[in-house]
Amino acid sequence: MLIHPSAKVSDSALLGPDVVIGENVVVQDGARVINSAIMKGVTIGKSAFIEGSIIGWHSKIGNWVSVYSVLMTGEDRRHQRSRRGRVS
């Protein structure tokens with residue numbers, strides 16, 4: 001596991017195995033990241049779950065969002081749970 005010194009990871013977040021956390025990443029309370037690379041400037045919301053993914057620069061993963069086997073290479077992408085429980 002590699003975590004950039006500028007990253008802010010909540011004490012209640014769970015990381016690993018095989019996780020890379022980039023510069024200025026924020027991982028909020030209860031988030032879980034497994035087998036993934038998180039690029040510079042990403043924010044991972046409360047209780048979000050990411051597995052087997054590469055999350056691109058300055059993306060935002062909303063609270064309670066689950067991401068499985070996704071490659072997000074564009075900058076400033078946002079994923080959040082809709083009122084109907086769907087992820088957009």
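Leaving aside neighbours within four places in sequence, Ile44 is in contact with Val26, Val27, Gln28, Ala31, Val33, Ile38, Ile50 and Ile61, where contact means heavy atoms within 4.5 Å. Ile44 also belongs to the largest nonpolar core, which has 19 residues; those with the most contacts inside it are Ile38, Ile44, Ile50, Ile55 and Ile61. A nonpolar core is a set of buried Ala, Val, Leu, Ile, Met, Phe, Trp, Tyr and Cys residues joined through side-chain atoms within 4.5 Å.

The model is predicted: local features need pLDDT of at least 70 and side-chain atom pairs count only at pLDDT 80 or more, while totals for chains, interfaces and linings use all residues. Residues are numbered from 1 along each chain as its sequence is written, and side-chain values use heavy atoms, with hydrogens and water left out.

The protein has 0 helices and 14 strands; helices (H or I, at least four residues) and strands (E, at least two) are DSSP runs, numbered from the N terminus. Of its 88 residues, 36% count as buried, a term for a relative accessible area under 20%, with exposed meaning over 50% and partly exposed in between (1.4 Å probe, protein chains only). The protein exposes about 5300 Å², and carbon and sulfur atoms supply 50% of that area; accessible areas come from the Shrake-Rupley method with a 1.4 Å probe, and for residues only the protein chains shown count as cover. Among contacts with a separation of 6 or more, residues 24 or more positions apart account for 1%.

The strands can now be followed into their sheets. Strands of a sheet pair through backbone hydrogen bonds, either parallel or antiparallel. Two strands pair here if DSSP finds at least two bridges between them. Strand β3 is joined to β6 (residues 32–34) by 2 bridges, and Leu14 stands opposite Arg32 in β6.

Another open sheet is formed by 5 strands in the order β1-β4-β7-β10-β13, again with parallel pairing. Here β1 (2–3) and β13 (71–72) stand at the edges; each has a single partner strand, so one side of each lacks a neighbour in the sheet. Within this sheet, 2 bridges join β7 (residues 36–38) to β10, and the bridge partner of Ala37 in β10 is Ile54.

The structure holds 1 aromatic pair. Phe49 and Tyr68 form this pair, which is tilted, at 5.4 Å centre to centre and 45 degrees between the planes. Rings of Phe, Tyr and Trp (its six-membered ring) pair if their centres lie within 6.5 Å; planes under 30 degrees apart count as stacked, over 60 as edge-to-face and the rest as tilted. Phe49 lies in β9 and Tyr68 in β12, so the pair ties together parts that are 19 residues apart in sequence.

Two serines in loops complete the picture. Ser53, in the loop between β9 (49–51) and β10 (54–55), is buried, with a relative accessible area of 2%. Its side chain reaches the backbone nitrogen of Val70 at 3.0 Å. Ser10 lies in the loop between β2 (8–9) and β3 and counts as buried at 16% relative accessibility.

How values were computed: A polar contact is a pair of N or O atoms within 3.5 Å; within protein, one must be able to donate a hydrogen and the other to accept it, and residues adjacent in sequence count only if both atoms are side-chain atoms.
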